[in-house]
Amino acid sequence: MIKQTVFCFLATLFFSIIMNSPKRAILWSSLIAAAGYIIYLESSAVYGELFGYFLGTLIIASFGELCARKIKMPATIFIFPGIVPLVPGLGLYRMMLAFVQNDIGRALEVGVSTIFIAGVMAISMAVINLIVLKIPVKR
Amino acid sequence: MDSEIEKLLNVVRLSAQITLTNGGETYRAEEICKHICSAVGYDNVEALAITTGIFINITDEGHDHTVIGRIKKRTINLEKLEIVNNISRDISKGRLELDDALEKLEKIEVQGSLSVAKTAAIGGLSAGCFAAMFGGGPVEFVIALLSGVAAQLATASFGKLDSYQFFISIIGGMVTALIAISSTALLGFGDYNLIILGGIMPLLPGLAMTNAIRDTIRGDLISGTARGVEAVIVAASVAAGVGIIITCFISLGGVLL
């Protein structure tokens, strides 16, 4: 668990460097990613995978928006690197693997669940975005 | 045409273009235009940004002044987004003159990103860490690191040709899978699943997904769907690249563990 979170932090750190993230934002977005990932791990073990993705994304999006307000930078700079560890690459890869092994049934099964995960993440981000839109911005 | 308006149009067009080219949301580009214009004293402004272009119209004493900017390339450079955001905020607070802003914008428009070698090295580290995050050991870390470096080098060299996004993604997925499968087959140990997974994580369309949602929520349906389609195509291309290599491996007589 701790090992996964630490590597999640490091992976996001390096990833945001290749995406030319501003220096002041790199540490924060990596911390946000690690926080989101640990919440995802914990809650998916208890409430199931989909809810885990929902809560993880919720954490990342809300902290991302918070940092955006505090540090006065576009929220994308924090949310995008933060969300990357949660993007369902595993599902996508398993689907492809099942397809090339001619196991269409399993491929569709994994594919649908991947689409569900992406949808849940989208809803979660949308919820935070809607709440944030109600709060006036000080420029 | 009034020279001040001309300057203003130049500033807003450049800011919007830089924002959209480097991964900003369309509503952000539109808002930046409006904020800059109203700071200079023109409140009658219409800005329409879509993923592939920007149209700005300023009405001044009954005369319309319009500028159109085309967005040809879409990359990701978060630092440029932040700089443009700062410039727009400085202008609207009256801390920055249009001339200086134009100079700054022209400078960052041509400013490059990280060098290819640096991108490859750091991208490799990122891929290695992702492999470890999914439960890989030292062997997986090292091979994923190598495949990450190779994938970044390959995508960078094809990116220079201005190839299509999906083509770059297929190449990235293929290189990752090729290195992962061939090195684990040669070594005789290591889990290629984790290596491929770590290797493709940096290639997946996280930004397109994020922006698709953020644009759609604000009602920018065209940009939202465009971004959404981009995300789906990129993800499918990476998966297809991996799939091609695995299929070749199986048909050449290799056995997947």
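Q: Helices are DSSP runs (H or I) of at least four residues, numbered from the N terminus. Which helix of chain A holds A:E65?
A: The model is predicted. The run that holds A:E65 spans residues 49–71 of chain A. That run is helix α3.

Q: Is A:E65 buried or exposed?
A: Buried means under 20% relative accessible area. The relative accessibility of A:E65 is 8%, so A:E65 counts as buried.
 
Q: Which residue of chain B is in contact with A:E65?
A: Neighbours within four places in sequence are left aside here. The contacts of A:E65 then include A:A75, A:I79, A:I128, A:N129 and A:V132 from chain A. The side chain of A:E65 also makes a polar contact, at 3.0 Å, with a side chain of chain B. That partner is B:R214.

Q: What is the area buried between chain A and chain B?
A: The contact takes 47 residues from chain A and 58 residues from chain B. Carbon and sulfur atoms give 73% of the buried area. The area is about 4,700 Å².

Q: How many salt bridges are counted between chain A and chain B?
A: The side chains of B:E82 and A:R24 meet in a salt bridge, N to O at 2.9 Å. The count between the two chains is two.

Q: Which element gives the most to the side of chain A that touches chain B?
A: Ten residue pairs are in polar contact across the interface of chain A and chain B. On the side of chain A, the elements giving two or more residues are α1 (2–18), α2 (23–47), α4 (76–83), α5 (89–100) and α6 (104–133). With ten residues, the element that gives the most is α1(A).

Methods. Residues numbered from 1 in each chain as written. Chains lettered and ligands numbered in written order. Predicted model: local features only at pLDDT ≥ 70, side-chain atom pairs only at ≥ 80, totals over all residues. Heavy atoms only, no water. Contact = heavy atoms within 4.5 Å. Buried area = accessible area lost by both parts, 1.4 Å probe. Salt bridge = Lys/Arg side-chain N within 4 Å of Asp/Glu carboxyl O. Polar contact = N/O pair within 3.5 Å; in protein donor to acceptor, adjacent residues only side chain to side chain. Buried < 20%, exposed > 50% of the residue type's maximum accessible area, 1.4 Å probe, protein only.
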